[in-house]
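Please work through each task before reading its solution.

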Number of protein chains: 2
Amino acid sequence: MEKFKIIFIFVLQTICMDNKKEITIHDIARELDISASTVSRALNNNPKISLKTRKKIQDFALKLGYRPNIIASNLRTQRTFTIGIVVPLINRHFFSSVISGVEAYASEAGYNVIIAQSNDQYDKETSIAHSLYSNRVDGVIISIAMESEDFTHLSLFTNKSIPLVFFDRAPKEIYTHKIIVDDYAGGYKATKHLIDQGYKKIAHISGPLNLQIYKDRLQGYKDALKDAGLVIDETLILHNRLIREVATNAFRKLITSPSKPDACFCGNDTTALSSIIYCKENGIKVPEDIGIVGFSNEPFSEVVTPSISTIKQPGFEMGQTACELLIEQIENKSNPIDFQTLTMPNELIVRGSSVRK
Amino acid sequence: MEKFKIIFIFVLQTICMDNKKEITIHDIARELDISASTVSRALNNNPKISLKTRKKIQDFALKLGYRPNIIASNLRTQRTFTIGIVVPLINRHFFSSVISGVEAYASEAGYNVIIAQSNDQYDKETSIAHSLYSNRVDGVIISIAMESEDFTHLSLFTNKSIPLVFFDRAPKEIYTHKIIVDDYAGGYKATKHLIDQGYKKIAHISGPLNLQIYKDRLQGYKDALKDAGLVIDETLILHNRLIREVATNAFRKLITSPSKPDACFCGNDTTALSSIIYCKENGIKVPEDIGIVGFSNEPFSEVVTPSISTIKQPGFEMGQTACELLIEQIENKSNPIDFQTLTMPNELIVRGSSVRK
DNA sequence: TTATTTTGTGCAATCGATTGCATTTATTTG
DNA sequence: CAAATAAATGCAATCGATTGCACAAAATAA
């Protein structure tokens, strides 16, 4: 009698799909009068289970609308199939492209992506690291915050051998996979282009030098000048946080200084745009009076007037590659790995802001 | 003898921080010679445990670098403190702003955010829904894909009363919280503005009408015309997927048609931009020959020439609000809730593309 | 001092899937 | 047909934290 009651309730539940109770492998086992282990193995297509039994179980599971409890599985297997990605700012074209690439690759490989943004703050980055760690992500992809100068918070991962892949902004101190853009070449190309266009006094508005990317762009700039036999005028090199207001001030300082430049290689497109807007407002002609090149190929740089010459970075591809390297590491934990630093090619896009007619 | 060995190993492990073995509440319990339950309660600051014991346990846990295994906790409590957000395209300013807002609010409230992008595809959206469901997210924030016309895949959530909040693109069929922009008012304002500027034959390039937002914008457009006593010319209304190439074609069709318009209210900024570029290439002057208004206030619309008049949508705030509503629902599951449809105010931003001198 | 209440801890089951090892069943071989 | 091998399945422990209930200890009341 009691047994009938239970079966009745169970049947009721399977019919009425909006029940609260989840179906588990034990429910299936009970109904089919086999053990939960067999059910588990069958659902995972374990060849130890006969094809017939597997089919029977899978069909039944499907009929019941069974969904595995991933959390229970995670607990047992010590895997979460989740990776974390940390970016300075989600809402920035380059970074959201990278995220998009990561997400595309990850979802294809059966991983979830948890995103977090550091707002370029060290403290936020630290708390994110703790949170991702506590959530037992299988691996982390990160581009470090502008503010971050030490990286002890990331040792959470390295200590437990949780794979870590850096992209774009990678610290020298940590030995792991890195996907970077060839910032040196980018800086060189941008500067060389300005030189080729006949500009002579080329300034550079750079970002904070604790970020390797800005160091490299700066070095590329310097070497291009050197190779062309031009002198490096340190008064034409500024370091800033490359955000709008600050960038405008920096540009004003340059343009009104005694050693007034006739071109400017800006550390990013935002700065290039600020500079162009400043020029428009002050009757300075771009590219006639001053040539401008940016960095990153933000969507707007193509469509402003004049359009901005810039260095195109393959964000989406970087995300994909980073994710590929990460998952490879996650899934071959035993094998020793040679860490590599992949340098993605970037590309000079010549537009109106730097081409004298 | 055996016991000493075990203790020795344990001490070794706690000293050597880069060990693989995780510390659990049982380890702490054993060391402190109390029960695991007490440790668990102490770490959760349960007042049932005396202050003295709590302090002792917490200090010890800190010293050992203990981190709770969230997965085990999730399994037991049936909560994950994770919410999913599904957007058509991550790499799009409006959506990444919303994500940013969601992330900001969620991380403050102790939740993780899993992101996924549907690429505006129905199939992808469906598989995302299954994946989020299987991963036992506590709630979902979603803006539906252009392709999606039925919403049975979302009943996964509604059936199990997993809270769901829609933003921007929300289906009428599902009764839950919705955060939308006042698309009707936006369409009305945009059109009214063009009328006020003296334009007479105002076209509209709309998106697919299975999305409510485009319906509403269209209705706003029509009503504005009606209220101004202008006729609605159906040949001046086109429906398209609002992507670049398609939009350009649509605009060409309009401008070369017999009933050539003198203004165009475009369904989004991308379309507005495509139109402007087309005009530039064909010697048509904006705003003199044709006035143009877009929608969304993409970053580029401010900086192109002419700058694009548009409707500004508060993406970040929408994300925050959506997340707030979602978490409120998650945490008050028992209470019956009155679902609300919040209409966020939007704002007409008048720029160069629609103002005749 | 004893009875009663309050406070603090422990026991043991639970969440749901996985997996090494034991056991049963089917198949092959001598 | 018995023995040996292979194939299929089950048992029970495990992952680590949580929690209802029982119980012991301490504090209070009678």
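A charge sits over a ring if NZ of Lys or CZ of Arg is within 6 Å of the ring centre and within 35 degrees of the ring normal. The model used here is predicted.

**Exercise 1.** Determine over which ring the charged end of Arg79(A) sits.

Solution. The ring is that of Phe81(A), and the charged end of Arg79(A) lies 4.3 Å from its centre. In chain B, the charged end of Arg79(B) sits over the ring of Phe81(B), 4.3 Å from the ring centre.

**Exercise 2.** State how many aromatic pairs there are over all chains, and classify the pair Phe265(A) and Phe295(A).

Solution. Over all chains the count is 16 aromatic pairs. The ring centres of Phe265(A) and Phe295(A) are 6.3 Å apart and the planes stand at 40°, so this pair is tilted. Next comes the location: Phe265(A) belongs to strand β8 (residues 263-266) of chain A, while Phe295(A) is in the loop between β9 (291-293) and α13 (299-303) of chain A; the pair therefore ties together parts 30 residues apart in sequence. Both Phe265(A) and Phe295(A) are buried.

**Exercise 3.** Classify the aromatic pair of Phe251(B) and Tyr278(B), and locate both residues.

Solution. With 5.7 Å from centre to centre and 75° between the planes, Phe251(B) and Tyr278(B) form an edge-to-face pair. Phe251(B) is found in helix α11 (residues 244-255) of chain B and Tyr278(B) in helix α12 (residues 269-281) of chain B, so that distant parts of the chain, 27 residues apart, are linked. Phe251(B) and Tyr278(B) are buried.

**Exercise 4.** Name the residues that form one aromatic cluster in chain A.

Solution. Phe94(A), Phe95(A) and Phe167(A) form one such cluster.

Conventions
Residues numbered from 1 in each chain as written. Chains lettered and ligands numbered in written order. Predicted model: local features only at pLDDT ≥ 70, side-chain atom pairs only at ≥ 80, totals over all residues. Heavy atoms only, no water. Phe/Tyr/Trp six-rings, centres within 6.5 Å; stacked < 30°, edge-to-face > 60°. Helix = DSSP H or I, 4+ residues; strand = E, 2+ residues; numbered from the N terminus. Buried < 20%, exposed > 50% of the residue type's maximum accessible area, 1.4 Å probe, protein only.
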